[in-house]
Amino acid sequence: MRVNIIGAGIGGMATAALLASKDHQVYVYEKNAQAGGKMNQQVLGDFRFDTGPSLLTMPFVLEKLFSDCGKYLNDYVTMEPVEPICRYFWQDGTEFNCWQDVKKTLDEIRLIAPSDIHAYKPFLSYAEKIYERTSNAFLFNPLNSWRDFLGLPLTDMARIDALTTVSKRIDSKFSSPYLRQFFKRFTTYNGSSPYQAPATLNVIPHVELNQGGYYVKGGLYELANALRKLAEDSGATFVFGEEVESIVVENKRTTGLQMKNGEVYPSDIVVSNSDATESYLKLLSDNDISPSKKKKVAKTEPSCSGFVLLLGISKTYEKLVHHNIFFSNDYENEFHDIFEKRVMPYDPTIYVANTSYSDKEHAPKGGSNLFVLVNAPYQSDNWNWAEKTETYSNHVISLLEKRGLADLSSHIVEQDVITPDDFYEKYRSNKGSIYGTSSNDRFSAFARPRNKSKEIDGLYLTGGSTHPGGGIPLCVLSAQHATTLIMRDFR
Ligand SMILES: Cc1cc2nc3c(=O)[nH]c(=O)nc-3n(C[C@H](O)[C@H](O)[C@H](O)COP(=O)(O)OP(=O)(O)OC[C@H]3O[C@@H](n4cnc5c(N)ncnc54)[C@H](O)[C@@H]3O)c2cc1C
């Protein structure tokens, strides 16, 4: 069977590897010159940056992908646990390191939040329970038809803490403002707000704190290289610099791809790793899908986006480790700005990844490569990046100086910026969102576009905008689900 895949993001490459390893003829068409999609990299002078993910969780999902293709993940990349997992800074001078070792983390909590020392481990057990009750239903299952629900313990699904918000649940468990803000932060891992998302998302701390947070030696982009190589080793062919204009449909069945350069590439099936909203609304013609489907897709709420500064600096800061978070003073107001007013917060939480802490060659001797990320609203009329990028960049740099990175601006050697507009232009992410669809309401897990089109035969979808969601491991799971559904149809 010939398979045409649109896009060489994580979902596209993982699906290519799985299908090629089953001896299908697989072609991946990517509009950009390099693979990876949002998991990408950039070199500025002597500095190297990951421009997307910086932390890997659930590595067993990748191990399974490689072993399903008859390969070993460790032959392709070297993964290592990051220590500390992250260092947190508050504006009153409080600092906190979160470690892979719970005992070390508890020693730190004893210093900053003694009243919560007995709440930490029970909270991690509660997060683990949610994982046990949700993962088989919402992560490891294509959720495509009634047969996918068979055998799932429905009583478990009723006990997943979906009736309150992340924030309210955390406030009920912890009294210290530090631990409350620390735990609320995890909701941003899938681009949602802790003040709106169901407490079910308290599962995320389990994934990082119980299962571990990892770095890929050489930078996370090594994983994109590994996925491409896995797909090529399995027999897939990549074509770069070719953009798909539309998915060709005849009698409600895909027959191939119409490319922007005028070529038509026929195929038996199409797998789209382009954002699901883009796929349904821009790559299919109005005649191909029903108005009700169009309306449903258009209403899909994207996750938040991100504002990224890449700073190559001629200095190392003692206080910076690999992952660093500088918290805002008013977390609720920050999320109100991002998710409701759709403007950049004046007092944002700022994440700084400093991979030169672990990989010295990512910056020249005595320098650092700072990837600075601020959560941002998805593209909206309320914030014009064309006018505001420079001012906001300077604002973030001056905030970092106030929060402990003294004289940062005078040490900048290289600088670049990525805004929500760029995330749309470069990767066609719906409204510049970076984690697919939002999980801000309790039905989002059921509302994500599925990995197989119900209206068009032979069309499958993969990637962070589809079930089960955004982030590296979930994108790989979306590829597993798309492949399962394809194999069901074409056994
Ligand atoms: C700043 C940032 C930080 C992040 N941090 C983390 C993190 O720490 N950990 C984590 O797990 N995840 C993180 N993520 C999320 C993660 O990067 C994404 O969920 C994931 O990379 C999305 O992969 P995808 O399969 O959806 O493909 P995408 O990345 O969306 O790639 C889709 C590809 O399709 C191509 N394409 C689209 N339309 C067409 C067309 N018409 N023709 C040809 N090609 C097309 C695009 O160019 C793109 O290459 C982060 C993301 C960003 C941006």
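Let's start with the open sheet of five strands, ordered S9-S2-S1-S13-S19 and paired in parallel. Strands here are DSSP runs of E, at least two residues long, and helices are runs of H or I, at least four, all numbered from the N terminus. Two strands pair if DSSP finds at least two bridges between them. At the edges stand strand S9 (237–240) and strand S19 (459–461), and each pairs on one side only. Neighbouring strands in this sheet are turned by 20° on average, direction ignored. Axes are lines fitted to C-alpha atoms, for helices over the stretch in contact, and angles run from 0 to 180 degrees between N-to-C directions.

A word on the model. It is predicted, so local features need pLDDT of at least 70 and side-chain atom pairs need 80 or more, while totals for chains, interfaces and linings use all residues. Residues are numbered from 1 along each chain as its sequence is written.

Back to the sheet. Strand S1 (residues 2–6) runs parallel to S2, and 5 bridges join them. Val3 has Val26 in S2 as its bridge partner. Helix H17 lies across strand S13 (269–272) and S19, at about 160° to S19.

Next, S14. Buried or exposed? 9 of its 9 residues are buried. Buried means 20 or more other C-beta atoms within 10 Å of the residue's own; exposed means 12 or fewer, and partly exposed is in between, with C-beta atoms placed from the backbone. In a regular strand, side chains alternate between the two faces of the sheet. In S14, Ser305, Phe307, Leu309, Leu311 and Ile313 point one way, and Gly306, Val308, Leu310 and Gly312 the other. S14 pairs antiparallel with strand S17 (residues 368–376) over 9 bridges. There, Phe307 is partnered by Val374. S14 also pairs antiparallel with strand S18 (residues 412–418), over 6 bridges. Leu311 stands opposite Gln415 in S18.

On to the core. The largest nonpolar core has 132 residues, and Met13, Ala16, Ala17, Leu227 and Val372 have the most contacts inside it. Such a core is a set of buried Ala, Val, Leu, Ile, Met, Phe, Trp, Tyr and Cys residues joined through C-beta atoms within 7 Å. Beyond four places in sequence, Met13 touches Ala8, Val28, Ala35, Leu227, Arg228 and Ala231. Contact means C-beta atoms, placed from the backbone, within 7 Å.

One more residue: Asn324, in strand S15 (residues 323–326). Why does Asn324 count as buried? Because Asn324 has 26 C-beta neighbours inside 10 Å. Asn324 and Tyr351 are 27 residues apart in sequence, yet 5.7 Å apart in space, C-alpha to C-alpha.

Last, an open sheet of 3 strands, S10-S11-S12, antiparallel. Strand S10 (244–250) and strand S12 (264–266) each have a single partner strand, so one side of each lacks a neighbour in the sheet.

Conventions: Contact = placed C-beta atoms within 7 Å.
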